[in-house]
Amino acid sequence: MIKLGTVFSGIGSIEQALKRLKVDHEIVFACDNGDIELSLLERGLQKEFKDLQTKRGKRTLSETDTARLNELSQKENLLAEETRKYIYSLADKKAKMDYVHALYTKNKRRENHVKNTYLANYPEVKDFHWDIRFLDGKDYKGEINLLVGGSHCQAFSTVGAQAGLDDTRGTLFYEF
């Protein structure tokens, strides 16, 4: 039996493929934030950061805007790394998942429909993680034998902003 962990799980295409191929498998965990961005910046900076990202998407950033966006991105990355270290220091997998869930619950502006759909299609999944940045793979050592995921295409797609590695989604494959 394949014990599966998925990241960028979406609607579960890998899981559906295994099911259709009649491959015996168990879903140990899935991970997808449903395109709900978690900003760790202070409220005032969150709006500025989002506005600059929007300008980047429209390709209307000035050099000053680009420098400020890079500054805010670096600050966000440092905060995420501090948060990751704290989460990894927690006692167990459940405590880590609860902490991340609380972060998203506190900051979210809408429901994670991807998570809801995924769990409706695969109710047997044991753990669902919101954010790959805070998923501690060591918690699953010996529990899974296949990790799969498809990185986000929005950062590279010709119909998207084509920001590539300048788009946070374009760098998430490093987490994978």
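Predicted model: local features only at pLDDT ≥ 70, side-chain atom pairs only at ≥ 80, totals over all residues.
Local features require pLDDT of at least 70 and side-chain atom pairs count only at pLDDT 80 or more, while totals for chains, interfaces and linings use all residues. Residues are numbered from 1 along each chain as its sequence is written, and side-chain values use heavy atoms, with hydrogens and water left out.

Helices (H or I, at least four residues) and strands (E, at least two) are DSSP runs, numbered from the N terminus. Four strands form an open sheet in the order β3-β2-β1-β4, with parallel pairing. Two strands pair if DSSP finds at least two bridges between them. The edge strands are β3 (127-129) and β4, each of which pairs on one side only. From one strand to the next, the twist averages 25 degrees.

Strand β1 (residues 2-7) pairs with strand β2 (residues 25-31) in the parallel sense, over four bridges. Isoleucine 2 has histidine 25 in β2 as its bridge partner. From β1 the chain passes through helix α1 (residues 13-20) to β2, and this β-α-β crossover is right-handed. The term applies if, with the strands pointing away from the viewer, the path from the first strand over the helix to the second runs clockwise.

Strand β1 is also joined to strand β4 (residues 146-149) by four bridges, and the two run parallel. Here leucine 4 stands opposite leucine 146 in β4. Three bridges join β2 to β3, again in parallel. Alanine 30 has phenylalanine 128 in β3 as its bridge partner.

Helix α1 lies across β1, β2 and β4, and runs at about 170 degrees to β2. Helix α5 (residues 113-121) lies across β1, β2 and β3, at about 160 degrees to β3. Axes are lines fitted to C-alpha atoms, for helices over the stretch in contact, and angles run from 0 to 180 degrees between N-to-C directions.

Helix α2 (residues 43-57) packs against helix α3 (residues 63-89) at an angle of about 130 degrees, with the axes 10 Å apart. That makes α2 oblique to α3. Angles under 35 degrees count as roughly parallel, over 145 as roughly antiparallel, 65 to 115 as roughly perpendicular and the rest as oblique. Residues of α2 in this contact include Leu45, Phe49 and Leu52, while those of α3 include Leu69 and Leu72.

Methods. Contact = heavy atoms within 4.5 Å.
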